[in-house]
Amino acid sequence: MRKGKVLLVGAGPGDASLITVKGLIAIREAQVIVHDRLVNLDLIAQASPNCQIINVGKKPNNHPVPQENINQILIDHALMGKNVVRLKGGDPYVFGRGGEEAESLALCGIPFEIIPGISSAIGGLACAGIPVTHRDYASSFHVVTGHMCQGNEPQNWQLLAQLEGTLIVLMGMTRQEEICQLLIEAGKSPDTPAAAVMYASQQKQQIAKGTLTTLKDEIQRKNLHAPALLVIGHVVNLSEILSFTSSQIDISQEVLLQAI
């Protein structure tokens, strides 16, 4: 029996219409879809009626399907000759463990392809009116994870505090207060603008803005919770000027069907 192929597809920051055309085609042609918790269900609805849907979503401190099991699911279905889509929020290679999954496929001789997605670290913040770079405020941006794999060294907050660009923290909402305090202790001004964005790019998007010292209170006042993006830097102040109302596009519309 021939081997199938695994497509690691980035689903984008949340709004289903922000998927790439190639990603949408892959979903519609998939025989098996293995998806994460935060993937927009409108994308799953684009699958064919005969497609097998497997939810391997993880929650903080709750991984019902361990990563090694996810890797094996992809391998097993590909060995059955099926075309598999591994649908991941944002971009597969931006803190999505896509590299680990691709590595396991390569070691088993399974054909695979990466279909990049719009990372929430860039696209999600853009939808909140926050550009990660701006000539007047930030000539660089830095994306880090809020938690590390067990056994790995923690983030060098001392170094990160010295950087002048925009600092973006993914998967850091549960440690938001600690992260802000670590940056202050490392020399970052307590008055540095900071924000948290929940449900980035979606109609239910919410944003809390403050400084390194006040963000915690703003998050509590607006009742924001994980998962959310943390962004630190002066570009946060542009959010009111650059905010916009997204025209949510129904990806099942005939116009999109004609487009691809």
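**View 1. Where domain 1 meets domain 2.** In this predicted model, the interface of domain 1 and domain 2 has 2 residue pairs in polar contact. Salt bridges across this interface number 0. Domain 1 covers residues 5-118 and domain 2 covers residues 121-238, and their centres, taken over C-alpha atoms, lie 27 Å apart. To the contact, domain 1 gives 8 residues and domain 2 gives 12 residues. Together the two domains bury about 730 Å² between them, and 74% of that is on carbon and sulfur atoms. What kinds of residues does domain 1 turn towards domain 2? On that side there are 6 nonpolar residues, 1 polar and 1 charged.

View 2. Look for H77 in helix 3, which runs over residues 67-79. Is H77 buried or exposed? With a relative accessibility of 10%, H77 counts as buried. Setting aside neighbours within four places in sequence, H77 is in contact with V32, Q52, I54, K82 and V84.

**View 3. V169 and its contacts.** V169 sits in strand 7, residues 166-170. Its relative accessibility is 0%, so V169 counts as buried. G146 is 23 residues away along the chain, yet the C-alpha atoms of V169 and G146 are separated by 5.8 Å. Apart from neighbours within four places in sequence, the contacts of V169 are V144, T145, G146, I179, L229 and L230.

**View 4. A salt bridge between K88 and D36.** The structure holds 11 salt bridges, and here K88 pairs with D36, their closest N and O atoms being 3.9 Å apart. K88 belongs to strand 4 (84-88), while D36 is in the loop between strand 2 (32-35) and helix 2 (41-44), so this pair ties together parts that are 52 residues apart in sequence. K88 counts as buried, because its relative accessibility is 2%.

**View 5. E240 reaches K209.** The side chains of E240 and K209 form a salt bridge with an N to O distance of 3.4 Å. E240 is in helix 9 (239-242) and K209 is in strand 9 (206-211), so the pair links parts 31 residues apart in sequence. How open are the two partners? E240 is exposed at 64% relative accessibility, and K209 is partly exposed at 29%.

View 6. E218 and R221 form a salt bridge, with the closest N and O atoms 2.8 Å apart. Both residues lie in helix 8 (215-222), and being 3 residues apart they are separated by about one helical turn. R221 is exposed, at 60% relative accessible area. Elsewhere, salt bridges with shared partners join D36, R86, K88 and E101 into one network.

Methods:
Residues numbered from 1 in each chain as written. Predicted model: local features only at pLDDT ≥ 70, side-chain atom pairs only at ≥ 80, totals over all residues. Heavy atoms only, no water. Domains from an automatic or database assignment. Contact = heavy atoms within 4.5 Å. Buried area = accessible area lost by both parts, 1.4 Å probe. Salt bridge = Lys/Arg side-chain N within 4 Å of Asp/Glu carboxyl O. Polar contact = N/O pair within 3.5 Å; in protein donor to acceptor, adjacent residues only side chain to side chain. Nonpolar A, V, L, I, M, F, W, Y, C, P; charged D, E, K, R; others polar. Helix = DSSP H or I, 4+ residues; strand = E, 2+ residues; numbered from the N terminus. Buried < 20%, exposed > 50% of the residue type's maximum accessible area, 1.4 Å probe, protein only.
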